[in-house]
Amino acid sequence: MTSSSQFIQVVTSVLKKDALALPPEEALLLQPQDEAHSARFFYRNFSGCRLPANLFDQQGKRQVHNVASESGDDFPSAIRMPEQSASGCAFVVEEDSLYFLYDRMERWVDAPDHVALVAVRLDPERIAALAMQGEATRLAPSEYLLLGHLLTGLDLKSAAATLGASYDTKRKQIQTILDKLGAKTQTALLRALSLEITGAVLDEILPQQTQSRETALIKRQFGRDVIAHNIAIGDGPDIPIWEFGARRGQPVLYFHSMLAPTVFHDEMVDMLKAHDLRWVIVPRHFLELDGRGDIQARLHRLTDALAETVDYLFGAPLICVAESAGVPWAVHFAKQNPDLVSRLVLAATPQVSHPAEPTDNPTIFVEMSQRLRRDERIITGLTQIYNAFSRVPALAQKGLAHMYRKSPADSACLDSLFQKPHLAEWLRLIANHATFASIDELKNLQRDWLSDLKETPCEKLFFHGKEDPISPIEDIQAIAENLPEARFHIVENAGHLVLSQHFGSLLAQMLEADASQPIAN
């Protein structure tokens, strides 16, 4: 066998220990043509992948040799995608190892025609890491295989028979696995792990340009602190889900503001983990729901899709947090699904669009609402102006600064946010690629969402900045005082952007056990 060229030796010597080793030159030259094409494609697209991966052709034959191991080929010689897989993703167990398979090869523009799927091997340590239990968690080989067979879709009885063990033995073993991985039920563990594995693997192997624009941006903002995936239940729409914080923590569903589908706080993820919270965001601006222009239809479709998704993901009622324009969406969701919501936390609650008593000095929100009721065409005009400003960061900063100028806390917060690129990028992305989102937000704010709130039986917490220039604190406090099961928390030195300014305080108040405290005066 000829020795490697000096170039191959130098490149190989500087690779990290956990990186994939480049094959000898003759290994590529001596392979059949299809396999040579596969190898070139593989090393162009997967040489930086931190997970052991390989390619398989349409006959199920392994395509790349000498991958991920100095000792030789440690992938099976053949793997096939299960026939019942319709999502493009599947789990299989081969040769006592669990593999994740992905067959949407059209996601790579340079994929050879004969390549049918990418296979990623998932070892016990990887599964434990995805369960967020740290290095101290270890799955025994028999536990790993049992979990692997369950992830492929077998029930416990069938998995036990496949492994040649008694059902009672494996029933006891699954309880040990649940204890190790911090899950309450087998169903909850399998659902969570399948989502986490799918999100982590696809994030690792897919080319960046195949991500949606909003997913790419949320990953630029949070890196590996966010897990992004899509869920479709039955014939419902694909629902994008972004998750932060503790992977096994108490679930919190966040209804974001009009500005952006995220929270702007540097320590958000650390705070969520410290409070054992699993923060879930559905970026509604970018949902492709039917009923454009009909806010009631879109509201019901979003609520129904969210309810199915929440019911699938979580085994217990969750906390709903809503900020500003997200409040009417969250209130409708809580009213329609009282069994899914344990507590409703409303931050920077907007004013009621048609107050019972007219005021001599209405806020910009009330004045806008009054004009909208006289002529709905104003919504289109306002949206066009808002999007035009949002596309230019300098104009967006000036416009928001003027809107929030009466609140020193908001002004300081905006100055800080515009020093970093994320807020400006979100404003521009929404303006360019979710141009109707602003219309949805404005129309939804005009609904009589207060009537829905009065019919919502769960606990309620109002979290409001004392110097809020958009929603005067006296108006929102009056709403809270007339609601049963409601608390009102005043945040000093805070304005309408109270969630970004005092995120830690909101979490502490949200988790306050005694929800029967009197309304603050």
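These are my notebook entries on a predicted model.

**Ground rules.** The model is predicted, so I took local features at pLDDT of at least 70 and side-chain atom pairs at pLDDT 80 or more, while totals for chains, interfaces and linings use all residues. Residues are numbered from 1 along each chain as its sequence is written, and side-chain values use heavy atoms, with hydrogens and water left out.

Entry 1: I looked up an open sheet of 8 strands, in the order 5-6-8-7-9-10-11-12, with mixed pairing. Strands here are DSSP runs of E with at least two residues, helices are runs of H or I with at least four, and both are numbered from the N terminus. Two strands pair if DSSP finds at least two bridges between them. Strand 5 and strand 12 (486–491) are the edge strands, each pairing on one side only. From one strand to the next the twist averages 25°. Angles run from 0 to 180 degrees between N-to-C directions, and axes are lines fitted to C-alpha atoms, for helices over the stretch in contact.

Helix 22 (residues 503–510) packs on this sheet and touches strands 7, 8, 9, 10, 11 and 12. Its direction makes about 160° with that of strand 11 (459–465). Touching, or contact, means heavy atoms within 4.5 Å.

Entry 2: Strand 5 pairs with strand 6 (residues 239–245) in the antiparallel sense, over 5 bridges. A228 stands opposite W242 in strand 6. I then checked N230, which is in strand 5 (residues 227–231). Is N230 buried or exposed? N230 counts as exposed, at 52% relative accessibility. Buried means under 20% relative accessible area, exposed over 50%, and partly exposed in between (1.4 Å probe, protein chains only). Leaving out residues up to four places away in sequence, N230 touches D238, I239 and P240.

**Entry 3: a loop with positive phi.** Next I looked at the loop between strand 2 (89–94) and strand 3 (97–102), where E95 is placed. The phi of E95 is near 50°, positive in a residue other than glycine. D96 lies in the loop between strand 2 and strand 3 too, and has a positive phi of about 65° without being a glycine. E95 counts as exposed at 59% relative accessibility, and D96 counts as exposed at 56%.

**Entry 4: two crossing helices.** The axes of helix 5 (residues 141–151) and helix 7 (residues 167–181) come within 10 Å and cross at roughly 95°. That makes helix 5 roughly perpendicular to helix 7; the cut-offs are under 35 degrees for roughly parallel, over 145 for roughly antiparallel, 65 to 115 for roughly perpendicular, and oblique for the rest. Among the residues in contact are L146, L147 and L150 of helix 5 and I174 and I177 of helix 7.

**Entry 5: aromatic rings.** I found a count of 14 aromatic pairs. Rings of Phe, Tyr and Trp (its six-membered ring) pair if their centres lie within 6.5 Å; planes under 30 degrees apart are stacked, over 60 edge-to-face, and the rest tilted. F286 and W426 form a tilted pair, 6.4 Å centre to centre with 50° between the planes. F286 lies in the loop between strand 8 and helix 11 (295–313) and W426 in helix 17 (residues 422–433), so the pair ties together parts 140 residues apart in sequence. F286 counts as buried at 13% relative accessibility, and W426 counts as buried at 0%.
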